[in-house]
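Keep the structure open as you read.

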Amino acid sequence: MIEICPFEISRRDLLVSSAATAAFASVAGNAHAQISGNEMQQSSNVSFKVNGEEHALELDNRTTLLDALREHLHLTGTKKGCDHGQCGACTVMVDGRRINSCLTLAVMHDGDEITTIEGYGRPGNLHPMQVAFVKHDGFQCGYCTPGQICSSIAVLQEIEANIPSHVTGDLTEKASVTSAEIRERMSGNICRCGAYSNIVEAITEVAGSKA
Amino acid sequence: MKFEKPATTNPIDNLTVVGKPIHRIDGELKTTGRAKYAYEWHDPDIDYAYGYPLGSSIAKGRIRSMDTAAAKKSPGVISVVTALDVGKRDLGSKNTANLFGGDEVQHYHQAIAIVVAATFEQARAASALIKVDYAVGEGVFDLSTATKDAKKPKAEGGTEPDSSVGDFEGAFANAAVKLDATYTTPDQSHAMMEPFASIAAWNGDELTVWTSSQMIDWWRTDLATTLGIDKEKIHLMSPFIGGGFGGKLFLRSDAVMAAFAAKAAGRPVKVALPRPFLVNNATHRPATIQRIRIGATRDGKITAIGHESWSGDLPGGQPETAVMQTRLLYAGENRMTAMRLATLDLPEGNSMRAPGEAPGLMALEIAIDEIAVKLGMDPVEFRILNDTQVDPEKPGRNFSHRNLVGCLTLGAEKFGWNARGKPGTKREGGQFIGLGMAAAFRNNLVMPSGARVKLDARGDITVETDMTDIGTGSYTILAQTAAEMMGVPMEKVGVHLGDSRFPVSSGSGGQFGANSSTSGVYAACVKLREAVAQKLGFNSQDIEFANGEVRSDNRVVPLSQAAGPEGLVGEDTMQWGDLEKTYQQSTFGAHFVEVGVDVATGEVRLKRMLAVCAAGRILNPITARSQVIGAMTMGAGLALSEELSVDKRRGFFVNHDLAGYEVAVHADIPHQDVIFMDETDPISSPMKAKGVGELGLCGVSAAIANAVYNATGIRVRDYPVTLDKLIHELPEVA
Ligand code: FES
Ligand code: FES
């Protein structure tokens, strides 16, 4: 049986009605502040350093840092798993701290220093964490792997810097590299292939060789 | 080459490379971010456009009209292609729901338009401006009520929906000890980390597609059907795949939309399905309701075993074959199984890792635990007592090789199974502690698989096959196979995969990939060895390939020299005789799990996991072990958190992203141990290997549920085992 849905409100209707509301509100306030959609600045210039190299880009304001890296700089080592901050595949370092690059707009990073997986090592000259991932088979399909590796490097730095986590038992003691700490701190990086057990071994080995 | 008789001694048995713990040859590419996945192919000379899809916001009905005027005027938009523009297409042979085209809506988030713009952001913004007028139909979305109209499905691929041996009803009625229980498993999502993605580029009437596919030839065939063009005109590539788990077995909408969009835009178009869209757009593992009845003698012999399963799918779909393992796993003279299929208007149900066995064992292996409790028997002992070495439905048919008992015994010993206490009696700190176990069982399937192997003047070997590596380790084990057969070290072998220009392989699925595709490379190498022998005038019977040389009697020639400037090629396809019919070929294992359950909240934490697997020759213990731990991890998710919630009014999966659909994360998974039984199965293939990629998922969720029972005394029969199902019945804490 086919019938018309009485509840159907299309996205277009919603946009039209909210635009009308906005126009009304702004007339009541300061009419000069109203900018029509066509005049609005859609793009901005932004400069940042990626893996030590300076880049100047003109980007749509809505472009995430992730898409700036992947689609504009063609640094596709950083992965898009969800685009919503739910998986960690897009993890990169910005000014020494790990972030989900899908959750931040590129224009917010003018002047920042960004390190992606490509900045840590290359075939034939791997970063120790990359070596450990290969040795312990800390991946399968490889899609979460750049994010896991960037997070792994960051996790060891965070523990080194004595930043506590949810599982740190004693806040007055120095944070230590335990399996529980690693698992907790790595939990923003999903691996559907299920390489977790091996990843923890890889990180533990790198941490041990540093100690 | 046709494999018709059990394998005898062959060059693989040298085991100089095969069977060795060799690290992945694609490991450096993957860990440095240099492995290129579908959406990442970038040619600086090409001006790619971006496609962003729109999905239906109703579950069933018809599209009356679509207003794309605003979208087309939106900044940067190059073209808008709707399902109405494209019209109804022929359905790909492996698809149940239409992927794109026509006015009929069969499920929520079915693709109905693709907006192409110069940038991703512009295409996304414009897609929100499309106005759709639907005629909404009435759908059926609730399996629990749809079962009353469920029907006996057609027999698919030799799989009868029902089976019956002896007098099940009579034997069950008269059994001294009986269990009759019903279990449910929810709809589950593959949730592979790489979303479906394709880049399509037309050159005249020829189409090139970079995509993420487990099965190159199935995709190519069904894409040709859906587009209405000749298959030979399509070149499809998928050399790296960010996980599939069955979700990428069959052609998906990204490839179809990319092809139409690229045609309309007149330039190459990239399409990735957004994460919140792909869950309802693509396939999932259907929910099941399973009734299991077991009758046994007082001393623990099964006399009657019955397993019925209900599941739902779109019209023309298939059942989740959850009863299959019950036909083969345990002895018992009187048996029955039955599958019934209801019509549901949810997104398409289809294969997900270990289809049938994964949800089937989630139920069966709790039932076995339950009857063991009723008998007062140890569940390991009970399983050993009811082992069978023949197909219990056809007692004249033997298993090719079956060492379930070995897995159970070794696992129990290594795990410290005898430390298990009575249910609800063990406590450590704030947790009840429990041990649980289950048997693992998954059939070993084989598929025809082709390969081309080239030898060049440097003595290098190149393998070409359309086989895929979805994280399974295909690159590495195919290189090992070629290295072993041709007597060269690993460094001398290159492997090219996932390209429709290469010979058609088994592809990756059903845990048939490793055994089948290495057998295909084996066959091609046999051809290449013959070509080398022929060229050198050697008698190919007593020829030996080792250390980059070929020798016969006293003559030794380096392979590079044998190749000559032109090089030599061997190409063949491994075909399979009827050994899989004469013998039942399966893989076996045992899972052991320790859990801690919070005494106050009922939160379940995994403390230890062990799997013991019997799966023929293990071609590479590193990649095989990763397959098993990965499957155990997925099984932990299925046991404890994974469930697609159905909106039974509007007909869709509500938690359609990675925040709402909870897969296991690092903090959920303890150290995992895997032991492989040292065995070969010459009846399976010349490799004497079997599949292992799905075995690790089979039974592990039940082992966890059984451990929760041992910890708390609470029997949860409805997955996932979440704390709301425990908290009201937790034992009193002193
Ligand atoms: S892509 Fe950024 S968290 Fe998933
Ligand atoms: S390696 Fe595939 S998702 Fe982690």
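This is a predicted model: local features need pLDDT of at least 70, side-chain atom pairs count only at pLDDT 80 or more; totals for chains, interfaces and linings use all residues.

Q: Why is the pair A:Arg98 and A:Glu158 called a salt bridge?
A: The closest N and O atoms of A:Arg98 and A:Glu158 are 2.9 Å apart. The rule asks for a side-chain nitrogen of Lys or Arg within 4 Å of a carboxyl oxygen of Asp or Glu. The pair meets that rule, so it is called a salt bridge.

Q: Where do the two domains of chain A lie in its numbering?
A: Domain 1 covers 43-119 and domain 2 covers 128-210. Their centres, taken over C-alpha atoms, are 22 Å apart.

Q: How do you know that domain 1 and domain 2 of chain A are in contact?
A: Contact means heavy atoms within 4.5 Å. Domain 1 of chain A gives 15 residues to the contact, and domain 2 of chain A gives 15 residues. Together the two domains bury about 1,200 Å². Of that area, 54% is on carbon and sulfur atoms.

Q: What polar links join domain 1 and domain 2 of chain A, and how many are there?
A: The count is 8 residue pairs in polar contact, with both residues at pLDDT 80 or more. There is also 1 salt bridge between these domains. On the side of domain 1 that touches domain 2, there are 4 nonpolar, 7 polar and 4 charged residues.

Q: What makes B:Glu642 and A:Arg192 a salt bridge?
A: The closest N and O atoms of B:Glu642 and A:Arg192 are 2.7 Å apart. The cut-off is 4 Å, so the pair counts as a salt bridge. Across the interface of chain B and chain A, the rule finds 5 salt bridges.

Q: How many residues of each chain take part where chain B meets chain A?
A: Chain B has 78 residues in contact with 67 residues of chain A. The chains bury about 5,900 Å² between them, 56% of it on carbon and sulfur atoms. On the chain B side, B:Thr31, B:Met193 and B:His666 lose the most area to chain A. Together they make up 15% of what that side buries.

Q: Which element gives the largest share of the side of chain B that touches chain A?
A: The interface of chain B and chain A has 35 residue pairs in polar contact, both residues at pLDDT 80 or more. Elements giving two or more residues to the chain B side include α1 (27-31), β2 (49-55) and α17 (621-640). The largest share, 9 residues, comes from α17(B). By class, this side has 37 nonpolar, 24 polar and 17 charged residues.

Methods. Residues are numbered from 1 along each chain as its sequence is written. Chains are lettered from A and ligands numbered from 1 in the order in which they are written. Side-chain values use heavy atoms; hydrogens and water are left out. Domain bounds come from an automatic or database domain assignment. Buried area is the accessible area (1.4 Å probe) that two parts lose on being put together, summed over both. A polar contact is a pair of N or O atoms within 3.5 Å; within protein, one must be able to donate a hydrogen and the other to accept it, and residues adjacent in sequence count only if both atoms are side-chain atoms. Ala, Val, Leu, Ile, Met, Phe, Trp, Tyr, Cys and Pro count as nonpolar, Asp, Glu, Lys and Arg as charged, and the others, Gly among them, as polar. Helices (H or I, at least four residues) and strands (E, at least two) are DSSP runs, numbered from the N terminus.
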